[in-house]
Amino acid sequence: MSERVPMTETTCPYCGVGCGVAVQGAGRSVAGLESHPANRGRLCVKGTALPDTLDLRHRLLHPEVDGARVDWDTALDEVTRRLRDTLARYGPDSVACYGSGQLLTEDYYVANKLMKGFIGSAHMDTNSRLCMASAVAGYKRAFGGDSVPGCYEDLDQADLLVLAGSNAAWTHPVLYQRMVAARKARPDTRVVVIDPRRTATCDLADLHLPLRPGADGLLFNGLLAWLAGHGHLDRDYIRAHTRGFDDALARAKADSGSLAGLARRCDLREADIRTFFQWFAERPRTVTFYSQGINQSATGTDKCNAIINCHLATGRVGRPGASPFSITGQPNAMGGREVGGLANQLAAHMDFAADDVDRVKRFWNAPHMVGEPGLKAVDLFQAVATGRVRFIWILATNPVVSLPEADRVREALRRCPTVVVSDCMADTDTVRMADIKLPARTWGEKNGTVTNSERCISRQRPFLDAPGEARPDWWALARVGRRLGYSEAFAWEHPAQVFAEHAALSGFENEGRRAFDISGLATLDRAGYDALAPVRWPVNRHWPRGRQRLFGDGRFHTDDGRARFVAITAALPEDPPLTGELIMNTGRIRDQWHTMTRTGKARRLLQHIGEPFVALHPEDARRHRIEDGQLATVENPLGAITVRARITADQRRGELFVPMHWSGPFSARARQGALVSATTDPLSGQPQSKFSRVRVTPRAVRWQGFLITRARHHDPDCLYWSYSPLPGGHLFELAGDDDPDRARQRLAALIRDPGEGEEPQWLELRDPGAGHFRRVAVRDGRLIGALFIHPTGALPGRDWLIGLLQRKRLEDHERRALLGGEAPHGGAGDGPVVCACFQVGERAIRARIDAGDGSVEALGRSLRCGTNCGSCLPELKQLLQS
Ligand code: SF4
C-alpha cells in the first residue's frame with residue numbers, strides 16, 4: 001500500500017489575488033486549492049512553478065556582520081548596539097524601517113510596533129507605497145477608511161467590467177480567467193479595457209480605449225459629467241448617502257468639456273468614448289477594476305477618486321456586481337495596510353489623530369509613541385541620501401531595483417552608516433549594500449497570515465524545515481525589541497500570539513468606528529490559528545464569519561456616515577516629452593514576479609520572455625533606426641539601460657514599455673528604476689512609475705553570442721548580458737562592442753564545472769577574420785560548457801546544447817555535432833515557450849495550426865497548451881489569427 005503524502009493548505013506568495021495552494025509533501029507538487037474562495041482550484045503559471053523555486057541555490061542561510069559569518073546572538077547584539085548608538089547620537093528621526101508586501105502580517109505588525117511605539121520613529125514604510133498607496137488614499141477620502149467594498153464574486157456578477165490601468169491577463173491571471181469564464185457564462189457582459197498599450201487583457205475586451213498616458217482622471221470626469229447630462233444619476237442614493245456631489249460635478253463638467261474636446265485631450269475616438277459611457281449608463285452592475293496604471297501616477301489619488309465618484313453617482317458601491325475595485329499587486333499589501341505598515345498610518349486603520357495615538361499608546365504600553373506621520377518611501381530614501389536617516393532596516397524587498405532613481409538609492413545605501421537587510425536571498429542589489437545580513441525564512445518555511453485584494457485573510461503554512469539558520473522576520477524584530485529592554489512587549493514565542501494581539505488591537509475601543517475589526521479572531525489559540533480558514537474582514541461579534549461586501553447599506557466610515565465625492569481637476573502629466581524624447585511606461589510581464597529573486601530560479605518561467613526588453617512602435621523604431629531584436633539604450637539624465645528591442649504596434653507612438661523585473665544578478669544594465677524620476681503623488685507619495693521621459697538609441701555591437709556553463713563563478717565582463725538558470729547549469733546571452741577576439745579569450749574562462757576532474761577537452765572552431773568563434777568543453781564524456789560568438793548573432797538555438805548539459809555521457813555523434821550547436825539529425829527545437837505549464841513552444845503550435853488546428857480548444861487537445869492556468873490563451877489566439 002502506498003504511503004499517504006501529507007498535504008498542506010497554504011497561500012501563493014506572489015500577487016494580490018491570494019490563491020490557495022495545496023502542497024504535497026515537501027513541495028514536490030502543488031495544485032490550486034479547490035476550497036479557497038479566491039481561486040477555486042486554479043493557479044497561474046507562476047503558482048504552478050512554485051516547486052521549481054524551492055531549492056536552496058542562492059539562499060542566505062547564516063547571519064553576517066560586515067562580511068563575516070556570525071551566529072544570531074552576535075548579529076542581533078550588533079543590530080541593537082548600532083541602533084542604540086544611532087538613537088543616542090542622532091535621535092529616533094535618524095532610524096528607519098522599509099518593509100514589503102511580501103512580509104506576513106505578523107512580521108509587519110512587529111516591525112510597526114517596534115518602530116512607532118518603542119524606537120519612536122514613524123519612518124516605517126513599505127514597497128506597497130510603489131503599488132497601491134494612491135488607492136488607499138482614494139478610499140480614505142471617499143469612504144472614511146481604507147476599505148475595499150467589493151469581492152471577487154462581483155467579477156462573476158457584473159454586466160460591465162471596466163479594467164483601468166490593469167493588464168490582468170498577466171498581472172492577476174486567475175482573476176482574469178475568472179472574468180473570461182464569467183463572460184462566457186453571460187455573453188451580454190461587456191468588457192472595456194482602458195490602457196495606453198494593447199495588452200493581452202485586450203483579448204477579452206469589447207472595447208479598448210488606448211488613451212493618452214495619464215488621461216484616466218479626465219476620462220472618468222468626462223463620464224461623471226456625461227452621466228449627469230444624460231439623466232443617469234442615482235439621485236436618491238446621492239441625497240441619502242453622500243456629500244460633495246455638486247462641487248464634484250461642477251469641476252468634472254468644467255474639466256471635461258464637450259465629448260469632442262474630451263476625445264481630443266484623451267487622444268481617443270469620440271465614438272468609442274460614447275460607447276463606453278453608454279455601456280456604463282445602461283449597466284448598473286459595473287465593476288471598475290483598477291491597478292498600477294491608475295495608482296502609479298503623480299495624480300493617482302485623484303484618478304482613484306474620479307473613478308469612485310462615478311460609482312457613487314450611480315449608487316454602485318458594495319452591491320452585488322457593482323463596486324470600484326482596487327486590486328493590490330502583492331500577496332500581503334492589504335495586510336500591511338491593516339497593521340499600519342505605511343508611514344502615514346499608525347496601526348489597525350488608525351492614523352495620527354490625538355485620540356488614535358493615545359489609544360494605541362495605551363494598548364501597547366508604549367514608552368516612545370510617535371505622534372506624527374513619518375517619511376514615505378521616496379522621501380525616506382532621500383533622507384538616507386542626505387544623512388538624516390543613518391540606520392535603516394530593510395526587510396524582504398529590493399529598493400535598489402524597484403524605487404525611482406534607483407542608482408541614487410544604491411549610492412544612498414552605500415553611504416548610510418548602518419544598513420541591515422533581512423532577506424532569504426544571498427545576492428540581490430540591496431543585499432549587496434548590507435552591513436548586517438539576516439537570513440529570513442521564505443515561502444514554504446514561513447508561518448503566518450496574508451490578506452488579499454478582497455480583504456480575505458488566509459494562512460501561509462510551513463511545509464519545509466527552515467534551512468541553515470533562517471528565522472522568521474517577526475522573531476528577529478522581536479528579539480531586538482527585547483534587547484532594547486522591552487521584554488514584555490515583545491515576549492511572543494509563536495506567530496499565533498502576534499496575530500492575536502493584532503486582532504485585539506483592531507477591536508480595541510473600536511465600537512464600529514473602524515471598518516478593520518477582526519476582534520473575533522483575538523482569542524484564537526494555536527490550534528484555532530493553525531486551522532484558520534480564509535475569511536474576509538471584518539470578523540467581530542456582528543460578522544462572526546466575515547463579510548462579503550462593505551457599504552451596500554450606504555453607511556460609510558466618515559464622521560456622518562456618508563461617502564464623500566471629491567472634486568477633481570484631472571491634470572495631465574506635467575513635463576511632457578521634448579523633441580526626440582519618448583515616454584517610458586513600466587510594468588510586469590506574464591511569468592516573472594518583482595525583481596525575480598524567486599521566479600528567476602525557474603527555467604520554465606524564463607522561456608516565455610528570457611531577456612530584458614524595450615517595446616516600441618514600428619514608426620518610433622524607424623525614426624530611431626532600431627531593428628527588432630537589436631540592442632537599444634534607453635536613457636535620461638538619471639541613468640541608462642541597455643536592453644533588447646521588441647517592435648510592436650501594441651505600443652502607442654512616442655511611448656515605450658520596459659519590464660520592471662530585471663536586476664543586477666540577472667542582467668548587466670536593465671534596472672528600469674534607474675530611469676524613473678522621484679516625482680510622486682502629493683497625497684499618497686506614490687511614484688509616477690508609468691511616465692518617464694527618455695531617449696532611445698540603437699546600441700551598436702561588434703559581436704553577439706551566448707555562454708552555457710555548468711558553474712557560475714562571476715558575471716561576464718561585456719557590454720550586455722542577461723542570465724537564465726538552467727537545470728544543471730547557467731545560460732548567458734551576450735553582446736559586446738569590443739574586439740571579438742579579446743572578448744572570446746576573456747569569456748571562455750567563464751566555462752566552469754563545479755566538480756573536480758582532469759582538464760577538460762576543448763573543441764574549437766575559429767574564423768578570426770569573420771569574428772566567428774565557437775568553443776566547447778567536455779570532461780569525462782560530459783558537456784561542461786560552450787561559448788558561441790558571431791559578429792551579427794547568427795547562431796544556433798540554445799535548446800539542444802542546454803539539453804545535453806544534463807546528460808551524464810554524450811554519444812559520439814552528439815560529440816561530433818557539438819560545434820554545430822544543433823542536433824545531428826536536425827530539429828530546430830520548439831522555439832520560444834508560449835505555454836509555460838506544459839512547455840509548449842511557438843514552433844510546435846504553428847505546426848499544429850498548419851496541420852489544421854483552428855481553435856484554442858483544438859490546440860489544447862493536440863498539445864495541452866492553454867488547458868491549465870490559461871495565461872497563454874491570448875497568445876494562442878494571436879497565433880491563430882496570424
Ligand atoms: S494569480 Fe498566480 S501569482 Fe497570483 S496568487 Fe494566484 S497563483 Fe499566485
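In which sense do strand 9 and strand 10 pair, and over how many bridges? In this predicted model, strand 9 and strand 10, the latter spanning residues 207–209, run parallel to one another and are joined over three bridges. Within this pairing, Val 193 is found opposite His 208 of strand 10. Strand 9 also has strand 8 (residues 160–164) as a partner, again in the parallel sense, here over five bridges. In that pairing, Leu 160 faces Arg 190 of strand 9. Strand 9 itself, residues 190–194, is mostly covered, with four of its five residues buried.

A pleasing contrast comes from further along the chain. There, an open sheet is built from six strands, ordered 28-29-27-32-31-30, with antiparallel pairing. Its edges are formed by strand 28 (720–726) and strand 30 (761–767), each of which pairs on one side only. On average, and with direction ignored, neighbouring strands of this sheet are turned by 10 degrees against each other. As a general point, strands of a sheet pair through backbone hydrogen bonds, in either a parallel or an antiparallel manner.

At one end of the strand order, strand 28 and strand 29 (residues 729–736) are linked over seven bridges in the antiparallel sense. Ser 724 is the residue that stands opposite Leu 731 in strand 29. Helix 24, covering residues 740–748, packs on the sheet. The strands touched by helix 24 are strand 27 (703–709), strand 29, strand 30, strand 31 (772–779) and strand 32 (782–790). Relative to the direction of strand 32, that of helix 24 makes an angle of about 160 degrees.

Methods:
Residues are numbered from 1 along each chain as its sequence is written. This is a predicted model: local features need pLDDT of at least 70, side-chain atom pairs count only at pLDDT 80 or more; totals for chains, interfaces and linings use all residues. Side-chain values use heavy atoms; hydrogens and water are left out. Two strands pair if DSSP finds at least two bridges between them. Helices (H or I, at least four residues) and strands (E, at least two) are DSSP runs, numbered from the N terminus. Axes are lines fitted to C-alpha atoms, for helices over the stretch in contact, and angles run from 0 to 180 degrees between N-to-C directions. Contact means heavy atoms within 4.5 Å. Buried means under 20% relative accessible area, exposed over 50%, partly exposed in between (1.4 Å probe, protein chains only).
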